[in-house]
Structures are given as C-alpha cells and as structure tokens.
Amino acid sequence: MCISLSLCPSLTSGSQPFTFHHTLLSSRSTTSKNYPFLIRSRLSMDSTIPEVAYDYSPFLRIYKDGYIERLRGTDIVPSGLDPKTNVLSKDAVYSPELNLSSRLYRPHNTNPDKKLPVLVYYHGGGFCIETPFNFRYHDHLNNLVAGSNVIAISVDYRLAPEHPLPIAYDDSWTALKWVASHVNGDGPEEWLNSHADFGQVFLAGDSAGANLAHQLAMRYGQENLSGIDLTGVILVHPYFGGKEPIGTEGENLETKSMIDAIWHFVCPTSSGLDDPLINPLVDPILDRLGCDRLLVIIGGKDFLRERGWHYYERLSKGGWEGVVEIMEGKDDEHVFHLNDPTCENAVALLKRIASFINKDKA
C-alpha cells in the first residue's frame, strides 16, 4: 500500500464518521451513476480557505466539502526511451469507457522475432494514492523490465475513497482482459501483438498492488482467460490483514489498529477484517489460486511481514498444487525499494524477481 504508519493515527481518531464526496482529481474520467459526488475546482473557488476535515499528511487531506487532495504520488513523468536502462515505454488506453490507461514497457532493442514474457503490474498506495505514471513507479518498471527482459503493463485503476473497493479489483480485471484480447495477434496494441508470449504471463504488485495481484489470480483460477497462461504471481510486501493478530502483531496492537483502519477507509462495505479480500487465510477457496508458481517477498522490518509469512505457509501446507517461494530481507522496511532503488537490498530484490520470471531459462 506504500503508506507509512504516519498516515494512520487520524484514521482511528474518535471523531465522527465523515461522508466522502466524489472529486475530480485528474484528467481521467470519474463519472459513475453510483457515485453522484461533489466536483469542484480550486481555480473557481472564492477567497475562503476550505476547512480540513481529516489531515492524513503527507498523503491525503479531506476537506469538509468533500474535496480530496492527494499530497504525494500525483506527479506525472512522460513515457519514452529511458537512457539509463534502454527501456522504451508508452501509454495505452485499456478502457475507453472509463478513460483508464496503462503504461507499457519493453526493452528497446527487442528482436522482432522474439516473444517476451508478459508482466502485468499493479502499483501500491493503500488503494487511495499513487499512479503508474509517477516517477517512482516509472523508474521501478524501467528497472524491472531491464532486469527481467519482459514486456510489462503497469495498470492504472480508480482510487478510493471516491471509488471504494471493489472498484479497483474490477478495473484491474478489465486491464487483464484487455491484455488477453491480444492473444490472436489482432489486439489494439501492436507491442503486445508482436512481442508478448501469452504462454508466460506473470502478475505482480507491491503492497495494495500485491493484494490486487493475489485477488486477480484467484479470479483467474475461477473464470480463466482464454489464450493466456498465468505462469506466476509476485507479491512484494503484500497488504493483507485479519481480525485476530498473528505472530508478532500482538506486540503492537496500536499499529495493527492503524493498519486495519485503512481497510475500512477504502472498503466501507466490507464484511470486516476477515473478508477474504483482505484476509486470504480465511478464504475457503484459496487452493484454487490460478497460477503455477508464486513468489512472496517480505521485509523483516515491515509490520505486514507476519501476514506475508503466514500466507506463504498456508500455501505451502495447504491443498494448492503450485509451488510457492519466499524471500525475506532482514532489515527491509515496507516498499523500501521504491524509495531507495539503487541500494544493495533493492538490487537483490529485482534480481530475485528476474530469476523467478526466467526460471525455466536458467
């Protein structure tokens, strides 16, 4: 979810619940018959300073009139050739109806006769901040594609609270179906028609994006998508939770309550912290996970470590027929690699992902 614990205290304050109003925060479409929320422009406001209802700095501010101001992850960097990695990128619309796009990446010097594994990536941000088009994720995908020699699709999805879950799950599935529409070589995006090996498709994400990747693998296991083989899933510091503390979570219940509050914030209609969407350990059909291999990456100093470890153990000892691997960085904090991508442990993390994707080629 890419959110430091400093976001969470105000989520658990004793103040009255706040009714969120929809706000147009970017150029992409936010229209929805189900969410008739307020739209206003700062440029058209009078001189009255709007009053803040909740301040989740340095991530979000929510004003009493319903306006939501995102304070990080909103920067946009252009696509194109990255001279550092020699990776080429461009943007493509995957849902014209919702005006949702993805950013595609491929090695610049790709052999036109060679097909590459497909990596579909979902960004983190607690389901409420970040975008695939900002510097952190653009840089991360450039490095990931260069190291793994894949063609990647970094998916944009609508954010809570204007678009509460399960909307992000549905958007992400729509993006995966769009990718699958290229299996016969006649889809709308030529890079996928020409370079994608749909017999080697991987889903990946960090934090909330890892939660998305898991849920899409579950949906693939039930619905399947004709023509693509979901070979593997990569979950980096996955955002999972649960009502009862597990492992060392019981030693810091205050932090747990803060983390748990994020789920209620982004998914107000959820049945609670033992909803399988946030707690896969209680999912009665977890064994139907629709991939052959899975890699879980956890951080030794990440509060979410226990959830990732127990998820790994559950898959290892349960009835799932795939192969699960785990990597733990002893001193790694939550999504540290996005903040310090050149540090030794971040480089090791990328190498492990590349090894996982290219395992059969070693």
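**Exercise 1. The open sheet**

Work out the strand order and the pairing of the three-stranded open sheet in this predicted model.

*Solution.* 
- Read the order: β1-β2-β3.
- Read the direction: the pairing is antiparallel.
- Now find the edges. β1 (52-56) and β3 (68-70) each have a single partner strand, so one side of each has no neighbour in the sheet.
- From one strand to the next, it averages 10°.

**Exercise 2. The β2 to β3 pairing**

Determine how many bridges join β2 to β3, and find the residue opposite R61.

*Solution.* 
- Locate β2: it spans residues 60-63.
- Count the bridges to β3: there are three, and the two strands run antiparallel.
- Look across from R61. E69 in β3 stands opposite.

**Exercise 3. An annotated serine**

Place S207 in the chain, then decide: buried or exposed?

*Solution.* 
- Start with the record. An unreviewed UniProt entry lists S207 under "active site".
- Find its place. S207 sits in the loop between β9 (196-206) and α4 (208-223).
- Apply the cut-off: buried means under 20% relative accessible area.
- Compare. S207 has 0% relative accessibility, so it counts as buried.

**Exercise 4. The whole chain**

*Solution.*

Key:
Residues numbered from 1 in each chain as written. Predicted model: local features only at pLDDT ≥ 70, side-chain atom pairs only at ≥ 80, totals over all residues. Heavy atoms only, no water. Pairing = 2+ DSSP bridges. Helix = DSSP H or I, 4+ residues; strand = E, 2+ residues; numbered from the N terminus. Axes fitted to C-alpha atoms, helices over the stretch in contact; angles between N-to-C directions. UniProt positions renumbered as here; feature names shortened; annotations may be inferred. Buried < 20%, exposed > 50% of the residue type's maximum accessible area, 1.4 Å probe, protein only.
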